[in-house]
Amino acid sequence: MNRFEATNHSEALVAADREAIWAALTDPDVLPRLTPLLRSIDTDGDLWRWHLTRFTILGVGLAPCF
């Protein structure tokens, strides 16, 4: 049996303070602009519903949300 495994270890310095980064990661209006395939986020208090970009698999269109 063939087997393939890959890992990627990366480091980066971000020219922003920790509070600014956390504010972006917890903002439902900003996060879809930063995340590929994330179309929008609906919020209801602490409950977030993520809507992903619609795609087609074997002729069936899917627009997942969770």
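Pro 36 counts as exposed, at 70% relative accessibility. Exposed means over 50% relative accessible area, buried means under 20%, and partly exposed lies in between (1.4 Å probe, protein chains only). Pro 36 sits in the loop between helix 2 (31-34) and strand 1. Helices (H or I, at least four residues) and strands (E, at least two) are DSSP runs, numbered from the N terminus. The C-alpha atoms of Pro 36 and Ala 12 are separated by 20 Å, and the two residues are 24 apart along the chain.

This is a predicted model: local features need pLDDT of at least 70, side-chain atom pairs count only at pLDDT 80 or more, and totals for chains, interfaces and linings use all residues. Residues are numbered from 1 along each chain as its sequence is written, and side-chain values use heavy atoms, with hydrogens and water left out.

Leu 37 lies in the loop between helix 2 and strand 1. Leu 37 is exposed, with a relative accessible area of 63%. Its backbone has a positive phi of about 70°, although Leu 37 is not a glycine.

Strand 1 (residues 38-44) and strand 2 run antiparallel, joined by 6 bridges. Two strands pair if DSSP finds at least two bridges between them. Follow the partners across. Thr 43 has Trp 48 in strand 2 as its bridge partner. Asp 44 stands opposite Leu 47 in strand 2.

Strands 1 and 2 form a hairpin, with 2 residues between them. Gly 45 is in the turn and has a positive phi of about 70°.

## A buried histidine

His 51 belongs to strand 2 (residues 47-52). Is His 51 buried or exposed? His 51 has a relative accessible area of 15%, so it is buried.

Which residues is His 51 in contact with, leaving aside its neighbours within four places in sequence? They are Leu 37, Leu 38, Arg 39, Ser 40, Asp 42, Pro 64 and Cys 65. Contact means heavy atoms within 4.5 Å.

## The aromatic pair

The whole structure holds 1 aromatic pair. The rings of Trp 50 and Phe 66 have their centres 5.8 Å apart and their planes at 25°, so the pair is stacked. It links distant parts of the chain: Trp 50 is in strand 2, Phe 66 is in the segment after strand 4, and they are 16 residues apart. The rule covers rings of Phe, Tyr and Trp (its six-membered ring), which pair if their centres lie within 6.5 Å; planes under 30 degrees apart count as stacked, over 60 as edge-to-face and the rest as tilted.

Trp 50 is partly exposed, with a relative accessible area of 24%. Phe 66 counts as exposed, at 58% relative accessibility.

## The nonpolar patch

Which residues form a nonpolar patch on the surface? They are Phe 55, Ile 57, Leu 58, Val 60 and Leu 62, with about 500 Å² of accessible area together. Accessible areas come from the Shrake-Rupley method with a 1.4 Å probe; for residues, only the protein chains shown count as cover. Patches are made of residues with over 30% relative accessible area and no salt bridge: like charges are joined within 9 Å, nonpolar side chains (Val, Leu, Ile, Met, Phe, Trp, Tyr) within 5 Å.

Strand 3 (55-57) and strand 4 (60-62) each supply at least two residues of the patch. Leu 62 is in strand 4. Leu 62 is partly exposed, at 37% relative accessible area. Leu 58 is in the loop between strand 3 and strand 4. Leu 58 is exposed, with a relative accessible area of 86%. Leu 58 has a positive phi of about 50°, although it is not a glycine.

How many salt bridges does a search of the whole structure find? The search finds 1. The side chains of Arg 3 and Glu 5 meet in it, at 3.5 Å from N to O. A salt bridge is a side-chain nitrogen of Lys or Arg within 4 Å of a carboxyl oxygen of Asp or Glu. Arg 3 counts as exposed at 75% relative accessibility, and Glu 5 counts as exposed at 61%.

Ala 20 lies in helix 1 (residues 18-25). Ala 20 is partly exposed, with a relative accessible area of 40%. The C-alpha atoms of Ala 20 and Phe 66 are separated by 26 Å, and these residues are 46 apart along the chain.
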